[in-house]
Structure formats: structure tokens, C-alpha cells
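Hi there,

Here is the structure I promised to pass on to you. Please have a look through it, and then read my notes below.

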Amino acid sequence: MSEKQLKESFVRNLNGTSISEVSLGISITPLCILFRGLILVSFYQTFGDVFYSWKYRLFLDFILLVLPQVLSCTVFSDFLALVVGCISVTCASGLYVIYRKRIPYKTASLLNVLQSFLNVPIEDRKVPSVTTVRVFINLLTAISILAVDFSMFPRRYAKTETYGTGVMDLGVGCFTFANALISPEARARHEEKLSPLHRVKKQLVAVWPLFFLGCARLLSVKAVDYHEHVSEYGVHWNFFFTLAIVRVFSSFLLTMIPAQKIWIAATVIISSYQIALETTYLKAFILHGSDNRGTRLGFLNANREGIFSVIGYVGIYMIGVQVGSYLLKKRTLVKEWAQLLARFTILSVTLFISVTIVQVYIEPISRRMVNLPFCIWTIGQCMAWLCMIIFCDLLLLLVQYLIPGSHVPSTWNICSRVDSRQKNDSHPKYQKRKKEMDFCLIEAINRNQLLFFLHSNIMTGVVNLFIDTIHSTSLFSLIVLLVYMFLNCLISCILHVKNITVKWW
């Protein structure tokens with residue numbers, strides 16, 4: 001067996017893991033964000049304003065935000081519950097210590113503090129939780145696309161063949177949902193007064209780099225005879241084509257649908273697709289080809305998974321637009337975000353209950369077909385992740401409320417409080433140091449997300465071309481993965497510090 005065939009067989013015929021383990025794994029992200037924020041506030045509480053260079057901030061963010069994600073899906077994957085428990089206890093302890101050391105509201109009870117906190121006005125220029133979700137989808141994808149080629153990465157986390165739930169099965173669905181949250185359609189009532197036709201034109205302009213990258217990936221993969229998992233998208237199809245077509249087709253449909261009815265249209269699309277799978281030859285065609293033997297002759301046969309999965313992803317995108325439209329409404333008080341969190345939590349729980357029922361009475365989750373259970377699971381998982389991150393952001397806002405002058409990057413700021421670091425000092429040296437002190441890895445990656453994804457893919461290919469990933473030892477694999485992730489983060493950070501945004505469209 002050639003090395004290419006060996007690597008292809010290494011990621012095939014897998015059945016995934018449980019939904020609960022996937023949920024447990026992604027809960028590490030908000031916990032890491034909370035832990036990092038508590039450490040920054042504790043530093044301020046102990047030492048006051050200290051100007052750290054962006055290099056120090058990069059190192060700190062990498063250790064606190066990236067390293068736990070890498071370890072949790074590799075060497076600590078069999079102890080996931082213990083990892084989550086340890087981080088949770090540490091965060092709870094940190095919250096308790098900071099609360100006990102507070103100076104304002106020293107004599108107030110916790111109930112009075114919380115009642116006062118709920119009426120605090122906050123800045124509403126952007127929703128930091130949305131940025132965090134989008135950045136960490138990129139980070140986790142970058143980790144997974146290389147880690148999956150090493151033997152230390154659990155096979156149950158890799159993409160499933162036909163039915164099942166692997167961590168990597170969420171990738172495209174999460175990308176689709178996250179892009180929809182900030183789409184022109186979601187922002188239409190809040191930021192942009194554009195006609196429906198203009199929004200479609202805007203999407204056509206925005207997606208041409210995706211088509212270009214899709215073609216570039218296709219040509220490069222075929223040119224170097226790179227290993228492929230054909231049943232993922234097909235022979236010629238790939239992630240970039242899916243995302244581009246979903247965005248354009250969804251934008252076209254949304255021009256004809258009232259904003260309040262988007263979720264109904266999405267439900268009809270996903271349900272109709274599932275009915276077609278159950279009552280026609282479509283399911284057999286997607287799984288086994290036109291001759292029922294897995295043929296790949298002809299464009300439709302060769303790319304059947306990629307082409308027909310677009311239908312399900314369109315439904316996911318439209319639901320994301322509906323969620324984003326509600327999420328981006330103007331909210332100025334903490335209690336308004338707490339109410340939103342409660343509604344989203346109820347919706348997420350409802351979706352998880354629904355997917356359990358649908359799997360029993362219809363069919364299991366299938367990323368390969370992007371069927372009804374997969375769509376419900378993806379939306380529910382994204383909603384749950386978003387809820388956890390919003391909850392952690394609110395906790396960090398509470399901590400900043402208790403410790404005046406403290407600041408956590410990529411979270412909300414309290415409107416009524418003037419940051420103690422915002423002095424009337426216009427000296428360039430001071431401004432440069434202040435910018436470095438406010439440096440954040442999340443903001444750095446967010447600035448050039450598409451570029452981050454692109455160079456992650458390129459470096460993944462380079463590693464696979466020069467390293468026998470399957471037979472590498474665990475220690476060597478972990479070192480390679482950490483160096484690879486650090487280089488990815490370093491590129492984004494240098495561009496951010498240099499104030500460079502790579503966008504040519």
C-alpha cells in the first residue's frame with residue numbers, strides 16, 4: 001500500500017463519538033477564555049497597570065487559549081471530563097478570590113451586587129462573543145486538519161464515513177453558521193440600509209476569493225497527488241466551493257423571504273430535503289452512486305456529496321441569519337443580554353432534545369448527506385457554544401464591574417466607567433505601549449481570518465509532504481502540532497501589530 005493510500009485509509013470508515021463528548025470538548029473554549037480573563041484581572045488587582053509587550057501577550061494567549069485546545073484533543077482526550085472539571089474548579093476559585101478582594105461594594109451582599117450589575121450599561125458597538133466564536137472555529141479547525149493525520153489524534157474525533165458525530169464533522173456547519181451571524185442579511189436592519197439586490201451583489205463580490213481558493217486547492221491537490229477523503233465532498237469539490245455557493249444561493253433566497261419568516265423557510269428547505277432522502281432514490285445515489293457501486297463517473301456522480309449537501313448547509317446558513325439578526329439588536333444593559341442568554345439556552349436545549357428524537361424516528365446524523373438530524377445537531381451545538389461564550393463574557397464583565405479599572409480584551413466594556421489607563425497622554429510612545437498592552441490573539445486572528453485559514457491549510461500540506469505523520473511518536477507529533485499552531489498565530493499577530501489587513505476584494 002502506497003503512503004497516499006495509507007493516509008486515505010487512516011481517515012476512512014470511522015464512526016465518530018457521542019454528542020455529549022463533542023459538547024464536553026468544545027466547552028473547553030469558553031472555560032479557557034474565562035480563565036485567561038480572570039488571570040488578567042488578577043494581575044491588575046495585584047500589580048495595577050503594567051505594560052506588557054505584544055510578544056508577552058502572544059505567549060500568554062497561546063498558553064491559555066491555544067495550548068489547552070491542542071492537549072484536549074490529543075494527549076488528554078481520554079481524560080476530557082477531568083480537564084473540564086479542573087479548569088472549571090480553577091475558574092470558580094479565581095472568581096471567589098477576586099470577589100473577596102473587591103473594594104467597591106465591600107459591604108453589599110452578592111444578591112445586591114448582582115441586582116446592581118444587571119442594570120449596568122455596556123458598550124454596544126459590537127458583540128464580542130460572535131467574534132470569539134468565529135475565531136475559535138478557525139483555531140479548532142487549524143488544529144484538527146493537521147492533528148487528524150497523526151496517530152495520537154483519536155479516530156473517534158475525525159470525520160465519520162456515513163453516519164455518526166465526530167468533532168471534525170462540525171467544521172463546515174460551524175463555518176456556515178458563524179458566517180451567517182455577521183452576513184449582510186443579518187446586519188441589514190442594524191447597520192446597513194441596502195436593497196436585497198445590492199446585498200446579493202455584495203455577496204457575489206465577497207465570495208470570489210472562495211471560488212479562487214477552491215480552484216487553487218483542487219489544482220494543487222491533484223498536482224502533488226495529495227491524499228483525499230473522496231466521500232467527504234467528492235472528487236473535485238471542496239470546502240471553499242461549498243461555502244461560496246451556500247452564501248450566494250442563500251442571499252438570493254433571502255431577497256424573497258421576509259426577515260421574520262427566515263426560520264420557517266429554512267425549516268421547509270431542510271425538511272423537504274429529508275423527505276426527498278426518505279422517499280426517493282436520492283439517499284442511495286448520494287451514498288452509492290448511480291450504479292449502486294460507488295461510481296465516480298461524470299461530474300454529478302464524482303461530486304454528489306458536495307453538491308447535495310449544499311441544500312442542508314443553505315438551511316443552516318438561513319437559521320444563522322435569523323439568529324444573527326436577533327443577536328445584533330441594540331442592547332445597552334446587562335440584563336438585556338442575560339435575557340437573550342436565557343432564550344438562546346432554552347432554544348439550544350430544545351434542539352438537543354429534538355435531535356435525539358429525530359435520530360430515533362428518522363435516521364442518525366450524517367455529515368455526508370447533511371440530513372435533518374445533522375442540521376439540527378449543528379445548529380444546536382453552535383447555539384450551545386455561543387451561549388457558553390456569552391455566559392463567560394458576562395462573568396468577566398461582572399469581574400470588571402467589581403474591580404474598577406480592570407480590562408479584559410475581546411469582552412464588553414462598561415459605558416459609565418472611564419478606564420484608568422485612558423489618560424490624557426498623547427505621546428506616541430505611550431500610545432504604542434497602550435496598544436501593545438491591549439493586544440489580543442483573538443483580535444489578531446479576527447483581523448485576517450481567511451488568511452489564517454489559508455496558511456493553516458498550506459502548512460498542513462507541507463507537514464504531510466515531509467513528515468510520516470502516521471508513524472510519528474506522540475511526543476514528536478505534539479511538538480510539530482504546537483510549532484505549527486504557534487507559527488499560525490505568530491503570522492496573524494505580526495500582521496495585527498503592523499496594522500495590516502490582507503483583503504484584496
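**What I found**

Let me start with Ser309, which sits in helix H16, the stretch covering residues 304–327. Keep in mind as you read that this is a predicted model.

Is Ser309 buried or exposed? Its relative accessible area is 4%, and the cut-off for buried is under 20%, so Ser309 counts as buried. The side chain of Ser309 has a polar atom 3.1 Å from the backbone oxygen of Gly306. Which residues does Ser309 contact once neighbours within four places in sequence are set aside? They are Tyr273, Arg368, Met369 and Val370.

Not counting residues up to four places away in sequence, Met459 touches Tyr484, Leu487, Asn488 and Ile491.

Next comes helix H2, residues 19–26, where the buried residues are Ile19, Glu21, Val22, Ser23 and Ile26. What covers these buried residues of H2? The cover includes helix H3 (28–47), helix H5 (80–100), helix H17 (334–361) and helix H18 (372–402).

Now for the whole protein. There are 22 helices and zero strands. The C-alpha trace spans about 75 × 55 × 45 Å along its principal axes. A compact globule of 505 residues would have a radius of gyration near 23 Å, and the protein agrees, because its value is 23 Å. Buried residues make up 54% of the 505 residues. Among contacts with a separation of 6 or more, 79% join residues 24 or more positions apart.

- The accessible surface is about 22,000 Å², and carbon and sulfur atoms hold 66% of that.
- There are 48 positive and 29 negative side chains.
- The centres of the positive and negative sets lie 7 Å apart.

Best wishes

How values were computed
Residues are numbered from 1 along each chain as its sequence is written. This is a predicted model: local features need pLDDT of at least 70, side-chain atom pairs count only at pLDDT 80 or more; totals for chains, interfaces and linings use all residues. Side-chain values use heavy atoms; hydrogens and water are left out. Contact means heavy atoms within 4.5 Å. Buried means under 20% relative accessible area, exposed over 50%, partly exposed in between (1.4 Å probe, protein chains only). Helices (H or I, at least four residues) and strands (E, at least two) are DSSP runs, numbered from the N terminus. A polar contact is a pair of N or O atoms within 3.5 Å; within protein, one must be able to donate a hydrogen and the other to accept it, and residues adjacent in sequence count only if both atoms are side-chain atoms. The radius of gyration is taken over C-alpha atoms; the globule rule is 2.2 Å times the number of residues to the power 0.38. Accessible areas come from the Shrake-Rupley method with a 1.4 Å probe; for residues, only the protein chains shown count as cover. Lys and Arg count as positive and Asp and Glu as negative; His and the chain ends are not counted. The place of a charge is taken as NZ of Lys, CZ of Arg, CG of Asp or CD of Glu.
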